[in-house]
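Thanks for coming. I have one structure to go through, and I will keep it short.

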Amino acid sequence: MSNNVNRNYTDKELAAMSNEELARLGTELDDVTVAYRKGRWPVENDPAEKRASNSVIIWLALSIVMAIAFLAVYLFWPWEYRSLGEEGKLWHTFYTPALGLTSGLSIIALGMAVVTYVKKFIPEEISVQRRHDGPSEEIDRRTTTALLNDAWATSTLGRRSTLKGMLGAAGVLFGLVVAAPLGGAIKNPWRAYEMDYYGDGTLWTSGWTLHEQGVKLYLGRDIGTTAELHEGQAGTHYSTQGLSRLVRVRPEDLAAAGMETVFPLAEEHVNDGDRYDENAVVYEEHMHSIHGPRNAVMLIRLRPEDAESVIEREGQEDFHYGDYYAYSKICTHVGCPTSLYEAQTHRILCPCHQSQFDALQYGKPIFGPAARALPQLPITVDEEGYLIARGNFIEPLGPAFWERKS
Ligand code: FES
């Protein structure tokens, strides 16, 4: 430091100094020149001070109310999805806006309270400081602490208990506004639900696991049907009655070197061909199958000349049906859909990080970051000529996780 202030105080002398003296000393030692300083309320019990304090309290109260409103919306508002025409659709529509509005107002009101407080209560001050190099000495550390104490004292927050309490409450509630939504992300990955097209909720099951419960599963192709407009006595409305999103696949539906994405289609949800019923309501189940996170399977029909050079994996020799091979579409790297089949090189490509798998070698990885083969689904054809699953996958689908053994 370049100033001429006495820096040789002993610990005892420093300990004997009052907070005000230490604060002044700190200013001098830091080469700080206070050019201008004026308290906001020099006259005690000034009515204007009371009004200023009230305006801060109002902002804090608004912040607290909005934070509580946010938590109430987050915990109790009907958030489950409702489709068009369903009861509660309007309430559901306002769920996200209500969350945004309450959290936004809570943050804005808290910010306004802090800004108002600084403008109305912290003393006006203009100070100039010259920079210096190197670490701080003990005397600097002590005086800095004193300056902070001084700032607390001059802010008058210490004696404004209402304001202090409300600021604390607003701060805690604001923390909850930030932290509460994270609670929704916490999920027990081992908790098993009833088995359906999503599996039972654990990582080692999928819609194909229904086969283990004796459900006959067809390989269902997504034909992209959407709800249709109906006109009747009750008025005009959209309906999926009689519509199928998934239809069964026959071997002749696929040309050599072709690829089709298929999903599990339980026998009770079939509504196509000779089983078509215009009154059947199966569309929702079909969509559940399509949305099942590990359900997508790539059905590949190899060219006859390629089929001759296939190398089967031990224990999976009979998983294919003729030239038809079914591999999980979920990449074993980090779970993107391996959406491309390049027939010339018989490679399955994952567009995310360019992993490549060999369709002639049980989906073995031959390039890129994926380290495991794509699981293969055992398939066959039923007595009516439709492709069906002959069993479940024999290993977990998708990327690595702690408990998987393969
Ligand atoms: S997810 Fe497929 S290569 Fe990364």
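Is Ala 257 buried, exposed or partly exposed? This is a predicted model, and in it Ala 257 has 17 C-beta neighbours inside 10 Å, so Ala 257 counts as partly exposed. The residue sits in the loop between strand E6 (246–248) and strand E7 (259–266). Most residues other than glycine have a negative phi.

His 346 also has a positive phi, near 45 degrees, and is not a glycine. His 346 is in a loop too, between strand E10 (340–342) and strand E11 (347–349). Here the count is 20 C-beta neighbours inside 10 Å, and the cut-off for buried is 20 or more, so His 346 counts as buried.

Next, Tyr 238, which is part of strand E5, residues 235–239. Tyr 238 has 12 other C-beta atoms within 10 Å, and exposed means 12 or fewer, so Tyr 238 is exposed. Setting aside neighbours within four places in sequence, the contacts of Tyr 238 are Leu 84, Ala 227, Glu 228 and Leu 229. From Tyr 238 to Ile 58 is 180 residues in sequence and 49 Å in space, C-alpha to C-alpha.

Last, the annotation. The unreviewed UniProt entry gives "transmembrane region" for residues 56–77, 97–118 and 166–186. What does the model show for two of these? Residues 56–77 are 95% helix and 0% strand, with the end C-alpha atoms 30 Å apart. Residues 166–186 are 86% helix and 0% strand, with the end C-alpha atoms 31 Å apart.

Technical notes:
Residues numbered from 1 in each chain as written. Predicted model: local features only at pLDDT ≥ 70, side-chain atom pairs only at ≥ 80, totals over all residues. UniProt positions renumbered as here; feature names shortened; annotations may be inferred. Helix = DSSP H or I, 4+ residues; strand = E, 2+ residues; numbered from the N terminus. Contact = placed C-beta atoms within 7 Å.
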